[in-house]
Amino acid sequence: MSDVAELTRELVSIPSHEDERAAGDAIESWLRRETDATVHRDETGNVIARRGDGDVSLALVGHHDVVPPADRQVDDDGSYVVEERDGRLYGRGTADMKGSVAAAMCAFRDADPSCELAFASFVGEEIGGVGARAAIDDGFAPDYALVGEGSTNYTGDDVTDVVVAHKGRRGSTIVAHGEAAHASVPESGENAVYRACDAVDLVREMPFPEAEVLGERLSGSVAVTGIDGGSAWNVVPDRCEVTVDERTVPGVRVELEAVEDVDGVQWTVDQDLPPMECDDEAFADIVLAAARDAQDGDPKLTTKPHATDAGWLTQAGTTCVVAGASETGEAHTKTESVSLDVLDRCYRLYLNAAERVGVETTDE
């Protein structure tokens, strides 16, 4: 078994859906033992290491928190179950994303970089990028970042692509206020459900946002996902609440504030995970070349439907792409798994990129 596979197995076995400290301890200890890098563990629990120097900086970025496991993914002693079958590792976090974290750690150790090379594994990605935001607030600001979220089999079979843009997510709430009345005389009140329905009609007609990044199209969406109003069958409701899920794209937002033109309606943003777009075609081409040299397939530049920490980094001024081992449909499932061959492929991809950034970016 390769170093990447062994390290993946070790990291995956450590529970990290409620408390990431033990997984962070393992990552920190490995980096201190296996590399000569400067290793820092911040107050939030992020693990950040740096080595090398140069005119530019590149970070290999991941996260070591996971979503709660299924019962079948937890052993009797509380550790996570890790199983190897048919060339794959199965277990919570194999795909999302301890496998890519392990590949990045090994590449960080083995690379001979011509840039300042950083490795960062964040906490709290699954709950809105808590760790990434804290690191950025503390001054984490690489010029470039390669974020190891999933990009495998996006444009074809057995290929790990390079993502140059992904969607964000804006979750919001529409609250319609009215005036309660007895249902036998509805005209004596103001029906909040009717007002909410008027707002929903507006949302239904709003066009989906679209953007183009380095020639790749990215389409967003907006959908009403819940409605709650009324207290009794014989009372005209004075309040109705509507939840809205919007998948955002770079530079474009659905004009949801227009619902406030309806009498008694207020709109509030509850969560806003930013989209990502790569703003440097030369960097994207460097990583794409690194990906091509790491595999027999023909990887391409593409887009991704899911929000990642690359959105926060892009918003803070770092130029990002995404490339990692997870395949579509693997993350967050009861049968989550990752290909051992793809883990080694990602190791080569990250190693290639780490050794090219600085040389090729300076030559541009």
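Trainee: How much space lies in the largest pocket?
Mentor: About 540 Å³. A pocket here is an open set of points on a 1 Å grid over the protein atoms alone, where a 1.4 Å probe fits, with protein on both sides within 12 Å along at least five of seven lines. Grid points are joined across faces, edges and corners, and the volume is the space filled by probe spheres set on them. This is a predicted model: local features need pLDDT of at least 70, side-chain atom pairs count only at pLDDT 80 or more, and totals for chains, interfaces and linings use all residues. Residues are numbered from 1 along each chain as its sequence is written, and side-chain values use heavy atoms, with hydrogens and water left out.

Trainee: Which residues lie nearest the centre of the largest pocket?
Mentor: Asp96, Glu125, His306, Ala307 and His332. The lining has 31 residues; a lining residue has an atom within 4 Å of a point. Helix H3 (94–110) and helix H7 (309–315) are the elements that give two or more residues to that lining. H3 gives the most, with four. Helices (H or I, at least four residues) and strands (E, at least two) are DSSP runs, numbered from the N terminus.

Trainee: How do the lining residues divide into nonpolar, polar and charged?
Mentor: Nine nonpolar, 12 polar and 10 charged. Ala, Val, Leu, Ile, Met, Phe, Trp, Tyr, Cys and Pro count as nonpolar; Asp, Glu, Lys and Arg as charged; the others, Gly among them, as polar.

Trainee: Why does the pocket lie between domain 1 and domain 2?
Mentor: Because domain 1 (1–167 + 275–355) and domain 2 (168–273) both give residues to its lining. The bounds come from an automatic or database domain assignment.

Trainee: Switching to strands. What does S2 pair with?
Mentor: S2 (residues 47–51) pairs with S1 (residues 38–41) in the antiparallel sense over four bridges. S2 also pairs with S6 (residues 116–122), again antiparallel, over five bridges. Pairing needs at least two DSSP bridges between the strands.

Trainee: And what stands opposite Arg50?
Mentor: Thr38 stands opposite Arg50, and Arg50 stands opposite Ala118 in S6.

Trainee: How many residues lie between S1 and S2 in the hairpin?
Mentor: Five. Gly45 in that turn has a positive phi of about 110°.

Trainee: How many S2 residues are buried?
Mentor: Four of its five, and the strand is mostly covered. Buried means under 20% relative accessible area, exposed over 50%, partly exposed in between (1.4 Å probe, protein chains only).

Trainee: What about S19: which residues cover each side?
Mentor: Thr319 and Val321 are on one side, Cys320 and Val322 on the other, and all are buried. S7 (residues 144–147) pairs with S19 in the parallel sense over four bridges. Tyr144 stands opposite Thr319.

Trainee: Now the largest nonpolar core. Which residues touch the most other members?
Mentor: Leu31, Leu58, Leu60, Leu146, Val321 and Tyr350, out of 67 residues. Helix H8 (residues 340–356) gives the most to this core, with 10. A nonpolar core is a set of buried Ala, Val, Leu, Ile, Met, Phe, Trp, Tyr and Cys residues joined through side-chain atoms within 4.5 Å.

Trainee: Last one. His64: buried or exposed?
Mentor: His64 is buried, with a relative accessible area of 1%. His64 sits in the loop between strand S3 (57–63) and S4. The C-alpha atoms of His64 and Ser121 are separated by 6.2 Å, yet the two are 57 residues apart along the chain.
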